[in-house]
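Here is a quick walk through a two-chain model. Have the sequence and the coordinates open as you read.

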There are 2 protein chains.
Amino acid sequence: MTSPSIPPRCRRDAEATKGAITRAARYLLARHAHGDITLKAVAERAGVSAPLVVKYFGNKDALFAHVMSFEADAEAFLDAPLGRLGRHMVRHLLTGQAERGADPVLRIVFAPLHGERGDVLRANFRAQVVQRLSVRLAGPDAGVRAELAVGMLLGLGVMYGIARGPCLRATAITEITERYAPAVQSFLTPR
Amino acid sequence: MTSPSIPPRCRRDAEATKGAITRAARYLLARHAHGDITLKAVAERAGVSAPLVVKYFGNKDALFAHVMSFEADAEAFLDAPLGRLGRHMVRHLLTGQAERGADPVLRIVFAPLHGERGDVLRANFRAQVVQRLSVRLAGPDAGVRAELAVGMLLGLGVMYGIARGPCLRATAITEITERYAPAVQSFLTPR
């Protein structure tokens, strides 16, 4: 007898449910104070039971920490050797926007300027995305260069996904990458 | 007898009042449907009388058109010869952020992804900022190049003003301009 394993279909459902819970928590966090949100409200909005939220995420604090983290997104975003990281980041950002309508790294753009939630998002973004990049950079001013490179990428995401520049949206991602990545790369590995 | 003139003090008050009305309209537009907002509600939030709003802006439609326009901001943003426009735009954006906490061009970043208000902001931004830049560019793909250049600037604004990159905020604006403007300029006047 083989040991029981989760059939692929159920695993997919679990991912979909986790996604729905995450989106519900993000929705509520964008509109209410942290302390006013209950796990029950998150569950209701996600269309699942509160115990299911607990099963997947533990308690409310753990769920909110997950929702406000860039950890998993940064890993994919920065997953390339330094010499071609510029191209990788540009392509990753545009592909996420074109295929899923958003890239999770872009969440920082919507961080509220005031209040605890904005501060947590900002602190996470700096530590999990920008600093994670800057420690990989050789040479002087790695911190400034990392911020400028990531800023450039955020701007491309805003132009593509929020302003929805019609010329960019009519241009192949490979061509945009070709044009934009060298400027990003020049901050990562300056000549 | 000299003709009556508005004393400087009153003119300053008028500007402050117009600013308060504009901010109140933006606040309400970000939270309510266009049709649900009354001039009276805008006036109340701005701490002025409804007739004063009418005096300065005419009717509600004219006020909202003003609030969602980038016309005046674009003029200052693009006010330099093409050969040094990259530097001018970077400096303008950073100075606005450092001195007033925001640059009005950055309003596009907060455009809602859905609904009429976001669509109007997007259409205005494209026509009044991006296209106004692209018609000044010589050579092929002026539209794509203008979108990439403006995107780069928006990203710098997001990193400086929303993510509040600590290294950038500790760096002189002239130095950031020195590092960032060449990439912007390369889309305006490619070699």
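## The annotated stretch

Residues 38–57 of chain A are 80% helix and 0% strand, and their end C-alpha atoms sit 14 Å apart. Helices here are DSSP runs of H or I with at least four residues, strands are runs of E with at least two, and both are numbered from the N terminus. UniProt, in an unreviewed entry, puts the feature "DNA-binding region" on residues 38–57 of chain A. The annotation "domain: HTH tetR-type", also from UniProt (unreviewed entry), covers residues 15–75 of chain A. Over residues 15–75 chain A is 72% helix and 0% strand, with 18 Å between the end C-alpha atoms. UniProt positions follow the numbering used here, feature names are shortened, and annotations may be inferred rather than shown by experiment.

Some ground rules before going on. This is a predicted model, so local features need pLDDT of at least 70 and side-chain atom pairs count only at pLDDT 80 or more, while totals for chains, interfaces and linings use all residues. Residues are numbered from 1 along each chain as its sequence is written, chains are lettered from A and ligands numbered from 1 in the order in which they are written, and side-chain values use heavy atoms, with hydrogens and water left out.

## One chain

Chain A has ten helices and zero strands. Its C-alpha atoms fill a box of roughly 55 × 50 × 35 Å along the principal axes.

## Where the chains meet

Counting contact as heavy atoms within 4.5 Å, 37 residues of chain A touch 37 residues of chain B. Together the two chains bury about 3,300 Å², 69% of it on carbon and sulfur atoms; buried area is the accessible area (1.4 Å probe) that two parts lose on being put together, summed over both. On the chain A side, A:E147, A:M159 and A:R179 lose the most area to chain B, together 20% of what that side buries.

Twelve residue pairs across the interface of chain A and chain B are in polar contact, both residues at pLDDT 80 or more. That term means a pair of N or O atoms within 3.5 Å; within protein, one must be able to donate a hydrogen and the other to accept it, and residues adjacent in sequence count only if both atoms are side-chain atoms. Elements giving two or more residues to the chain A side are α7 (116–134), α8 (142–162), α9 (166–169) and α10 (173–188) of chain A. Of these, α8(A) gives the most, with 15 residues.

## Salt bridges

A salt bridge is a side-chain nitrogen of Lys or Arg within 4 Å of a carboxyl oxygen of Asp or Glu.

| Salt bridge | N to O distance |
|---|---|
| A:D141 and B:R179 | 2.4 Å |
| A:R132 and A:E75 | 3.9 Å |

A:R132 lies in helix α7 of chain A and A:E75 in helix α5 (residues 71–77) of chain A, so this pair ties together parts that are 57 residues apart in sequence.
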